[in-house]
Amino acid sequence: LEGGSLAPGVVGCGLYAYANLVQLLSLSGDAAAAARLQQQMEEKMVSVESRYPRHALVHAQVRAVLLARAGHSEKACAALEQAYTPNPRAYWRVVLANPAFDGMTAAPCFQALRTRIDRHVATERARIETMKRKAGAPEPTQANLDHDADPAT
């Protein structure tokens, strides 16, 4: 991530770290490096998506960070909706915890997304519990938890 240049082989989720670097460069006062890196990222995403359209889902998460950082809350929400419809994708908690979104946590679109993600997580947890019960998986006991935590046993 050094120097504000995009590494040649970075695509998909790897671009997320560069979106954060754009934020850091901007906050440090190096707006030119931030803009240059963001331009490189945009070009890379467009190029990759032209060959592999499914990358647009991951790239939407990256674009949302870049848009939120730039103060484009509505466009950032639209990118998040693209990434998380119909269900959350990889990195959803990381994206929602990103400081780029701090200024838009009260926005109705952001709150609606959080509600939908929380509902999805609760549904998935319930499904896992149902599968455990059907499989007859034993409930963890304190003795089992203590045993699993102690590498000597």
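Reader: Where is Val22 found?

Author: Val22 is found in helix H1. A helix here is a DSSP run of H or I, at least four residues long, and a strand is a run of E, at least two long, both numbered from the N terminus. This is a predicted model, where local features need pLDDT of at least 70 and side-chain atom pairs count only at pLDDT 80 or more, while totals for chains, interfaces and linings use all residues. Residues are numbered from 1 along each chain as its sequence is written, and side-chain values use heavy atoms, with hydrogens and water left out.

Reader: Why does Val22 count as buried?

Author: Buried means under 20% relative accessible area, exposed over 50%, partly exposed in between (1.4 Å probe, protein chains only). Val22 has 0% relative accessibility, therefore it counts as buried.

Reader: What does Val22 touch, not counting residues up to four places away in sequence?

Author: Val22 touches Ala34, Leu37, Gln38, Met41, Leu66 and Arg69. Contact means heavy atoms within 4.5 Å. The C-alpha atoms of Val22 and Val65 are 9.6 Å apart, across 43 residues of sequence.

Reader: Why are H1 and H3 called roughly parallel to each other?

Author: The axes of H1 (residues 15-27) and H3 (residues 55-69) cross at roughly 10° and come within 9 Å. Angles under 35 degrees count as roughly parallel, over 145 as roughly antiparallel, 65 to 115 as roughly perpendicular and the rest as oblique. H1 and H3 are therefore roughly parallel. From H1, the contact takes Leu15, Tyr16, Ala19, Asn20, Val22, Gln23 and Ser26; from H3, it takes His59, Val62, Val65, Leu66 and Arg69. By class, that contact of H1 with H3 has 7 nonpolar, 4 polar and 1 charged residues.

Reader: Why is Glu49 called buried?

Author: The relative accessible area of Glu49 is 18%, which is why Glu49 is buried. Glu49 lies in helix H2. Leaving out residues up to four places away in sequence, Glu49 touches His55, Ala56, His59 and Arg63.

Reader: Which residues touch the most other members of the largest nonpolar core?

Author: Met41 and Phe101 do, in a core of 37 residues. Such a core is a set of buried Ala, Val, Leu, Ile, Met, Phe, Trp, Tyr and Cys residues joined through side-chain atoms within 4.5 Å. H1, H2 (31-51), H3, H4 (73-84), H5 (92-96) and H6 (108-135) each give two or more residues to this core. H1 supplies the largest share, 7 residues. Beyond four places in sequence, Met41 touches Leu6, Leu15, Tyr18, Ala19, Val22, Val62 and Leu66.

Reader: What does Lys44 touch, not counting residues up to four places away in sequence?

Author: Lys44 touches Leu6, Pro8, Val10 and Val11. Lys44 lies in helix H2. Its C-alpha atom is separated by 9.7 Å from that of Gly12, 32 residues away along the chain.

Reader: How many helices and strands does the protein have?

Author: There are 7 helices and 0 strands. Along the sequence the pattern is α-α-α-α-α-α-α.

Reader: What share of the residues count as buried?

Author: Of 153 residues, 33% count as buried. Among contacts between residues at least 6 apart in sequence, 56% join residues at least 24 apart.

Key. Axes fitted to C-alpha atoms, helices over the stretch in contact; angles between N-to-C directions. Nonpolar A, V, L, I, M, F, W, Y, C, P; charged D, E, K, R; others polar.
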